[in-house]
Amino acid sequence: MHTAETPSEWLCRWSHLIAPGSTALDVACGAGRHLRWLRGLGHRVVGVDRCAQAIAACAGLGEMLCADVEGGPWPLAGRQFGAVVVTNYLWRPLLPRIVDSVAPGGLLICETFAQGQETVGRPTRPQFLLRPGELLGACAGLRVLGYEDGFLEQPARFVQRIAALRELPQSDAPARHHLPPRGGAG
C-alpha cells in the first residue's frame, strides 16, 4: 500500500481543472494517497478497492467501497463524478465504465503502465500493459487535454497517461481549459 506516498505528479499537474467542490472517484484507490490529495483540495471523495485493509486505511476520508470490480458488478452503476482518477491499474473490460463515470464537465486523470514495462520491472504480463495509443482510443468520446506515452526514469517505468474532459454543451465562447505550465502544476 502507498500510505506515505505523495500523489502522482500527473494528478497534481491536472487537478486544477477539477471543478471546485466536485466529487472525485479513485478507482483501485489503495490506501488513499490520491483521495487525501483530492480531499485536501476541497473535493468530496469516493474510493473503490477490492482490498478491505486498503479501504480501512481510508476510513473517514469519504465514501469507501470494498468491491471486486474485476469479478463482480460495477458498484457505482449510474453514477458520474466531477473527476475520475486511475493510477497504476488496468482492467480493460472496466475502461468503458471508467470513461462513462466522468460527468459532463468532469475530468478523467489516468496513468498506468505501458508496453515496455516488462523490460524494467513489474507488471510484466501483457494484460496489465497498455498497447501504444490504447488509452487514447478508450477516451475517444472525451476531449483530450494532455497525453503522454513513453518512458520515465525515476523510478524506471513505461507509462501512458491522459487527462481528458467530458465537455459541456458548447456555448457562444469557447471553453478555456488552462493547461499547466511546463514542468509543474497549474
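**Group meeting: a first look at the model**

Let me start with one side chain. A polar atom in the side chain of H16 sits 3.2 Å from the backbone oxygen of R13. That distance, like every other value in this talk, was computed from a predicted model.

Where is H16 in the chain? It belongs to the loop that runs between α1 and β1. H177 is 161 residues away from H16 along the chain, yet the two C-alpha atoms are separated by 9.7 Å.

Now to another residue, S22. S22 is found in the loop between α1, residues 9-14, and β1, residues 23-27. With a relative accessible area of 10%, S22 is under the 20% limit and therefore counts as buried. What does the side chain of S22 reach? It comes to 2.7 Å from the backbone oxygen of A19. If we set aside neighbours within four places in sequence, S22 is in contact with H43, R44 and G82.

Let me step back to the whole chain. How many helices and strands does the protein chain have? There are five helices and seven strands. Reading from the N terminus, the order is α-β-α-β-α-β-β-α-β-α-β-β. The radius of gyration is 16 Å, close to the 16 Å that the globule rule gives for 186 residues, so the protein chain is as compact as a globular protein of that length. As for overall dimensions, the C-alpha trace spans about 50 × 35 × 30 Å along its principal axes.

Next, contacts within the chain. Take those between residues at least 6 apart in sequence: 55% of them join residues at least 24 apart.

On burial and surface, 46% of the 186 residues of the protein chain count as buried. The chain exposes about 9,500 Å², and 54% of that area is supplied by carbon and sulfur atoms.

Last, charge. How many positive and negative side chains are there? The protein chain has 18 positive and 16 negative ones, and the centres of these two sets lie 2 Å apart.

Technical notes
Residues numbered from 1 in each chain as written. Predicted model: local features only at pLDDT ≥ 70, side-chain atom pairs only at ≥ 80, totals over all residues. Heavy atoms only, no water. Helix = DSSP H or I, 4+ residues; strand = E, 2+ residues; numbered from the N terminus. Rg over C-alpha atoms; globule rule 2.2 N^0.38 Å. Buried < 20%, exposed > 50% of the residue type's maximum accessible area, 1.4 Å probe, protein only. Contact = heavy atoms within 4.5 Å. Areas by Shrake-Rupley, 256 points an atom, 1.4 Å probe, with all protein chains shown as cover. Lys, Arg positive; Asp, Glu negative; His and termini not counted. Charge placed at Lys NZ, Arg CZ, Asp CG, Glu CD. Polar contact = N/O pair within 3.5 Å; in protein donor to acceptor, adjacent residues only side chain to side chain.
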